[in-house]
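Keep the sequence at hand as you read.

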Amino acid sequence: MKKMIVLFAALTICGATMAQVSSGDWIVKGGIGLNTAGTFPYDGGMSGVKMSDSYNLAAFVPRFEYFTTDRLSVGMSAGVVNAWQKGKVKYEASTFAPASDRVVYKDGVLGWFVGPNVNYYLPLANRFYLSFNGFIGYVGFSSWSVYKMGDTTEKGSMKANFGVLSVVPTLNYFINDCWMLTLSAGNASLALGGAEGGNPMYYAGIDWGLPMLGVGFKF
């Protein structure tokens with residue numbers, strides 16, 4: 001009970017003033033993103049064949065910022081992104097394989113990034129800020145795949161590395177003078193790099209990206 005009272009008092013003190021950012025402030029943020037989609041078992045187009053698929057993506061992005069002016073901050077960002085897909089194909093005994101045989105295929109990508117960031121904050125209304133978060137840094141990917149059919153298993157993997165420049169818009173809402181909530185979606189980015197043993201690759205474009213919900217603390 002005493003711990004709850006102390007926490008309540010701390011939050012009350014933080015909310016005693018109007019929320020704003022100013023030169024010399026520090027902000028620590030953490031954002032997460034989760035996406036999942038899939039299909040129920042469906043007819044694979046051949047008699048006795050049932051299929052299903054699932055797609056998942058999870059991301060975690062910590063960052064910290066130091067405000068050099070009332071609107072401009074600099075800092076560091078890092079993050080981990082994990083995306084994977086799983087599919088199943090089940091055959092009945094009357095088709096191409098015994099009923100006990102199933103084809104299961106999985107593939108995914110584990111990615112990570114780290115680098116400096118520059119952020120510009122634009123006040124929208126009381127407690128609301130729109131920020132444009134610029135990032136330049138290193139991105140690495142490691143992909144994997146597994147294919148199973150009966151007693152047969154095949155595996156594969158590949159690595160890739162990129163240098164990335166991106167800008168991500170973020171809506172920031174200050175619950176009080178210390179705590180904030182964030183929502184980011186979309187990005188404009190440029191990437192140069194490639195996979196091991198492959199040709200150089202590049203990417204340039206604007207897309208929605210993965211929506212990220214986050215929480216931050218200003219001190």
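Buried means under 20% relative accessible area, exposed over 50%, and partly exposed in between, with a 1.4 Å probe and protein chains only. By that cut-off arginine 63 counts as buried, because its relative accessibility is 17%. Glutamate 65 counts as buried too, because its value is 0%. The model is predicted, so local features need pLDDT of at least 70 and side-chain atom pairs count only at pLDDT 80 or more, while totals for chains, interfaces and linings use all residues. Residues are numbered from 1 along each chain as its sequence is written, and side-chain values use heavy atoms, with hydrogens and water left out.

Start with the packing. A nonpolar core is a set of buried Ala, Val, Leu, Ile, Met, Phe, Trp, Tyr and Cys residues joined through side-chain atoms within 4.5 Å. The largest one has 11 residues: Ala59, Val61, Phe113, Phe135, Val139, Ala160, Phe162, Val164, Ala191, Ala195 and Met212. Strands E3 (49-67), E6 (128-149), E7 (152-174) and E9 (187-195) each supply at least two residues of this core. Strands here (E, at least two residues) and helices (H or I, at least four) are DSSP runs, numbered from the N terminus. E7 gives the most to this core, with three residues.

A second, separate core has seven residues, including Val21, Ile27, Phe67 and Tyr129.

Now look at valine 164. Which residues does valine 164 touch, not counting residues up to four places away in sequence? They are Phe135, Ile136, Gly137, Val139, Leu190 and Ala191. Contact means heavy atoms within 4.5 Å.

Turn next to charge. A salt bridge is a side-chain nitrogen of Lys or Arg within 4 Å of a carboxyl oxygen of Asp or Glu. The whole structure holds four of them. One joins lysine 218 to aspartate 25, at 3.7 Å from N to O. Lysine 218 lies in strand E11 (residues 212-218) and aspartate 25 in the loop between helix H1 (2-14) and strand E1 (26-38), so the pair ties together parts 193 residues apart in sequence. Both lysine 218 and aspartate 25 are buried.

Lysine 218 also forms a salt bridge with aspartate 177, with the closest N and O atoms 3.6 Å apart. This pair links distant parts of the chain, 41 residues apart: aspartate 177 sits in the loop between E7 and strand E8 (179-184). Aspartate 177 is buried, as is lysine 218. Through shared partners, salt bridges join Asp25, Asp177 and Lys218 into one network.

Another salt bridge pairs the side chains of glutamate 65 and arginine 63, at 3.3 Å from N to O.
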